Amino acid sequence: MGSRQVTDGQGLSWEGTHVTVAGLGVSGIPAAKVLHGLGARVTVVNDGDDARAREQAAELRTLGVTVRLGDGATLPEGTELVVTAPGWKPDKPLFTAAREAGVPIWGDVELAWRLRELDGREAAPWLCVTGTNGKTTTTRMLASILTAAGLRTAAVGNIGVSLLDAVLGEERYDVLAVELSSYQLHWAPSLRAHSAAVLNLAPDHLDWHGSMEAYAKDKGRVYEGNRVACVYNVADPATEDLVREADVEEGCRAIGFTLGAPAPSQLGVVDGILVDRAFVEDRQKNAQELAEVADVDPPAPHNIANALAAAALARAYGVPPKAVRDGLRAFTPDAHRIAHVADVDGVAYVDDSKATNTHAAQASLAAYESIVWIAGGLAKGATFDELVAQSAKRLRGVVLIGADRALIHEALTRHAPEVPVVDLDRTDTGAMLAAVQEARRLAAEGDTVLLAPACASMDMFVNYNQRGDAFASAVGELGT
């Protein structure tokens, strides 16, 4: 195989280049295979040495890849490039050693970006989505709109198809809808999107980034070098600040989205209609109808905002208005995202187990008028005073579960002392049935029992999907 130049100015070529891949798993294994196939000399290092890791290592070793289990801290001698799984923290000793040795560090997104024109391919433009909450829904809405426009596309990145598969596979795409996490953006210094959106910013993953400033800076990387549009949230000025700070190509525009009536260069809502005053002629005077609020499923405020962001990116790419409407109508939300489970005795039961932080829970709580709230789990360093203070008037009752439920209870005591609280001193998976039964006791006809935990799930469940399934199962038992 002939040499392939790495376009990072380091003068490396793939043939014989010693690349260290940090971490097995959903990104590390594909990266190792791709690099090995390009002729690189690949060493995979991994902290864990469990049965699953040994099985994965055996598969890679049959290809000729070197694997070191139980030792993710030491930089292999002679390493010329490190490709890391996105979750590995920047302060790991492996990365410190790489930086001291002048070795570049890429993530899987960076690798995909560098390889997108391999073998003379015509690279599909990337429309990128990031933010604290709503990334997956918005990216999937965007892909649905692009598909409705007759474009070959896929939802990729932190969702669905891996980026490496998308850029190197046999399927050729016209454009990609790319979800990116703050971890991925941290390790993607040369990414330059066609257009990108930051949906919102709220404290999250601060243990990884070290500070809110560092977290926001990594999110803002998505705007760097944008060619057509930087889409921001009018209701979240921090996202617009990131646009102002970005170094974009000349002619790239700042495009806002808002739940109110849009100003010029914005998309918004007028009389139940999603309208565009950004990608129209004479935007000072004209607006283009795109869809109805009723076309958005579910039509909760934060989901309408997701739809507007997706529409903005699609319109930046030149998609016609009809495709926005048709794409939104065709979109089906993922499980555990404000999913209506059942109505029992006039009470609605809604699963938003995906609300794993306070920002997501606040958006979910804002969608209903009278709520019995099921919350709790692993707080990940979060505080709950602002969430409770803003939601207090909507709460008929609260049922708390999980390891860090006391933090929520204390916030309720301070900001909603009149709201009845059931504190279940349990972290076993069976606690969800008890929580749903207690919520039923607190609820009155017309109320919504809402699972929006504002916390991670791993103290009680494998993931938020299992937690949501447990909720749905418990609701199912109410009707028996």
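Me: Which residues of α1 meet which residues of α2?
Reply: In this predicted model, Ile29, Ala32, Lys33 and His36 of α1 meet Gln56, Glu59, Leu60 and Leu63 of α2. Sorted by class, that contact has four nonpolar, two polar and two charged residues.

Me: Why is α1 called roughly parallel to α2?
Reply: Helix α1 (residues 28–37) and helix α2 (residues 51–63) pack at an angle of about 5°, and their axes are 11 Å apart. Angles under 35 degrees count as roughly parallel, so α1 is roughly parallel to α2.

Me: What makes the pair of Phe95 and Trp187 tilted?
Reply: Their ring centres are 4.8 Å apart, and pairing asks for centres within 6.5 Å. The planes stand at 50°; under 30 degrees would be stacked and over 60 edge-to-face. That leaves tilted, so this is the name the pair gets.

Me: Where in the chain do these two partners sit?
Reply: Phe95 is in helix α3 (residues 93–100), while Trp187 is in the loop between α7 (182–186) and β9 (195–198). The pair links distant parts of the chain, 92 residues apart.

Me: How do you know whether Phe95 and Trp187 are buried or exposed?
Reply: Buried means under 20% relative accessible area. Phe95 has 0%, so Phe95 counts as buried. Trp187 has 4%, so Trp187 is buried as well.

Me: What makes Arg116 a charge over the ring of Trp113?
Reply: Arg116 lies over the face of Trp113, at 3.5 Å from the ring centre, and the distance cut-off is within 6 Å. Likewise, the charged end of Arg253 sits over the ring of Phe279, 5.4 Å from its centre.

Methods: Residues are numbered from 1 along each chain as its sequence is written. This is a predicted model: local features need pLDDT of at least 70, side-chain atom pairs count only at pLDDT 80 or more; totals for chains, interfaces and linings use all residues. Side-chain values use heavy atoms; hydrogens and water are left out. Rings of Phe, Tyr and Trp (its six-membered ring) pair if their centres lie within 6.5 Å; planes under 30 degrees apart count as stacked, over 60 as edge-to-face and the rest as tilted. Helices (H or I, at least four residues) and strands (E, at least two) are DSSP runs, numbered from the N terminus. Buried means under 20% relative accessible area, exposed over 50%, partly exposed in between (1.4 Å probe, protein chains only). A charge sits over a ring if NZ of Lys or CZ of Arg is within 6 Å of the ring centre and within 35 degrees of the ring normal. Axes are lines fitted to C-alpha atoms, for helices over the stretch in contact, and angles run from 0 to 180 degrees between N-to-C directions. Angles under 35 degrees count as roughly parallel, over 145 as roughly antiparallel, 65 to 115 as roughly perpendicular and the rest as oblique. Contact means heavy atoms within 4.5 Å. Ala, Val, Leu, Ile, Met, Phe, Trp, Tyr, Cys and Pro count as nonpolar, Asp, Glu, Lys and Arg as charged, and the others, Gly among them, as polar.
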